[in-house]
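Here is a short briefing on one protein chain. It covers the fold, the cores, the pockets and the charged pairs.

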Amino acid sequence: MVFTYSTVRSPFPVLCYMGLDKHENEQLIRTGVRTDIWFHVDALSSAHVYVRLPFDKSIEDLAEETIEDMCQLVKNNSIQGSKLSSCKICYTSHGNLKKDLVGMDTGTVGFKEFKLRLLRRCDKNKEIIKRLEKSKKEVTWDYDLEKEKWTESERLWKKGENKKKHENKSDGFQMFDAQKSQVDRLRNMGEGDEESGIEEGLKAIEGIAFMEVEGDAVVSDSGDAKKTNVGEWKTEYEDMRVLSEEIRWLRERGYACDTKEEVLKEFEEGEGGEEEEITELRDAEREVLESIYGEEIFKVDDEGWNVEVQDYSPSKLFTPPVPPPLVVSLHLESSKYPFQKPFITLRGGGIPFRGLQAMNASLKEWSSDWSDRAGDPIFFEVIEHLKDSIDSWKSSEEKKVKEEESARRKEALKRKQKEAEENNTTTKFKSERERREEAKSRLGAFVSKKGTEGGEDATSKGSLKKQIQQDMQRVSDRSLINDLFS
């Protein structure tokens, strides 16, 4: 038997329910489903209150008013918490709840990963409590049957979603023929007539197959395609086409060796646990990851687990074309994780080979003390660490490029200034005194020359001024003449 509340505010349909006592709570812990979100007063005794979300929603989709209603409800159903003006509320996905059969009292629960629990302060709000209590109903609840019904409904929902995707892809898929499009465009415009010859020309080129050129390529007059503005990763990717499948797999993940065995040697650290224990721990971690990321982002294949990083924006320095998504993978094939050092790789996102190598080095440094964490679920932590490492590397690379560009501009400016100085015939002086000394030296040389040529009459003040003014090309600053003869 459980209590349900139908007036919880939410932008999408939800089911809010609460156990009657600790024995009911025990059953709810056992039969909870993937989209259940669990609420409880932190550090105090209280009821276990759940909100069940639609199949395509997760804890990140909870609206602010929904969280507030749930916090008020759980606070009001705590003997100690209801007496306080405010208290802390803890909430997390059902998949993060941990129940040990030995050592835990009935109705108590722990967490698989403390970092995944969320805390929120809740101040008493009588109006919200009054509204919720009005819709309270006591419902007979067959725990196992309810879980089976939900599981079957989810299976049918997934089937329908997959069918829609397939239909959309089939309906929307159509090859674009640029040549045919151009021909049709000319015809639709009504260009040409029977005498112009255009119609015959169009018919003639219909059967010609032209060479395909990528959108970022330029064709020269000689017909050679020269690629421009192609991302670093794109160039590397095209070069990898000639490599073997195994080597290409390694290069796409930032490894320079030629066999997977060479890489896997680094991840043999740790003693493997029992097969049953490994499976149990993996299933528990997988359930938590599915509840965090959802099935669209967290995917499982034959090699292991894959998470597509959502809040990632590729750097424009390396990705003029649209890059593939950035994916973090935990490879479980031939691994005894979590009792063995995890083999985790990063690929895609438009990150060039040297960037992937930097990420591998960062991950290696981060996991240097891995032995202390043997047996713990760490994939979520690794993903968060890699996000920070990628952002740091991107910022470093962008800063480096800006500094190089700044240095190039400064060098170009210096060259221009030097060229301008070389082309400038005007004499520049550091001070007024230097300017006058230069004038006197020029005058002395001129007087000596003219005195030799014309005798004493040539050395008179008026005669000198007149002769100097006639030869202004020898003096770069006209004010020098005026200063000396004023």
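## Overview

The chain has 15 helices and 15 strands. Helices (H or I, at least four residues) and strands (E, at least two) are DSSP runs, numbered from the N terminus. This is a predicted model: local features need pLDDT of at least 70, side-chain atom pairs count only at pLDDT 80 or more, and totals for chains, interfaces and linings use all residues. Residues are numbered from 1 along each chain as its sequence is written, and side-chain values use heavy atoms, with hydrogens and water left out.

**Burial and contacts**

- Of the 486 residues in the chain, 36% are buried.
- Buried means under 20% relative accessible area, exposed means over 50%, and partly exposed lies in between (1.4 Å probe, protein chains only).
- Among contacts in the chain with a separation of 6 or more, 65% join residues 24 or more positions apart. Contact means heavy atoms within 4.5 Å.

**Nonpolar cores**

- A nonpolar core is a set of buried Ala, Val, Leu, Ile, Met, Phe, Trp, Tyr and Cys residues joined through side-chain atoms within 4.5 Å.
- The largest one has 30 residues. Tyr-293, Val-328, Ile-344, Leu-346, Ile-351 and Phe-379 have the most contacts inside it.
- At least two residues of this core come from each of helix H10 (275–293), strand S13 (304–308), strand S14 (327–331), strand S15 (343–347), helix H11 (353–366) and helix H12 (379–423).
- H12 supplies the largest share of this core, six residues.
- What does Leu-346 touch, leaving aside its neighbours within four places in sequence? Leu-346 is in contact with Glu-252, Arg-253, Leu-326, Val-327, Val-328, Ile-351, Leu-356, Met-359 and Ile-390.

**Largest pocket**

- On a 1 Å grid over the protein atoms alone, a pocket is an open set of points where a 1.4 Å probe fits, with protein on both sides within 12 Å along at least five of seven lines. Lining residues have an atom within 4 Å of a point.
- The largest pocket holds about 890 Å³ of space. A volume is the space filled by probe spheres set on the points, which are joined across faces, edges and corners.
- The lining has 38 residues, and Leu-97, Lys-112, Ala-284, Glu-285 and Glu-287 are the closest to the pocket centre.
- Helix H1 (22–31), strand S6 (97–98), helix H4 (143–172), H10 and H12 each give at least two lining residues. H10 gives the most, with nine.
- By class, this lining has 15 nonpolar, five polar and 18 charged residues. Ala, Val, Leu, Ile, Met, Phe, Trp, Tyr, Cys and Pro count as nonpolar, Asp, Glu, Lys and Arg as charged, and the others, Gly among them, as polar.

**Second largest pocket**

- This pocket holds about 410 Å³ of space.
- It is lined by 20 residues, and the closest to its centre are Asp-56, Trp-157, Gly-294, Glu-295 and Glu-296.
- H4 and H10 each supply at least two residues of this lining. H4 gives the most, with five.
- The lining divides into five nonpolar, three polar and 12 charged residues.

**Salt bridges**

- The structure holds 23 salt bridges. Each is a side-chain nitrogen of Lys or Arg within 4 Å of a carboxyl oxygen of Asp or Glu.
- Arg-120 pairs with Glu-64, with the closest N and O atoms 2.6 Å apart. The pair links distant parts of the chain, 56 residues apart: Arg-120 is in strand S8 (residues 118–123) and Glu-64 in helix H2 (residues 64–76).
- Arg-120 counts as buried because its relative accessibility is 18%.
- Glu-146 and Lys-149 form a salt bridge at 3.7 Å, N to O. Both lie in helix H4, three residues apart, about one turn of the helix.
- Glu-146 is partly exposed at 22% relative accessibility. Lys-149 is also partly exposed, at 45%.
- Arg-253 and Glu-252 form a salt bridge at 3.6 Å, N to O. Arg-253 is buried at 5% relative accessible area, while Glu-252 is partly exposed at 25%.

**A loop residue**

- Asp-301 sits in the loop between strand S12 (298–300) and S13. Asp-301 is partly exposed, at 38% relative accessibility.
- Asp-301 and His-331 are 30 residues apart in sequence and 9.5 Å apart in space, C-alpha to C-alpha.
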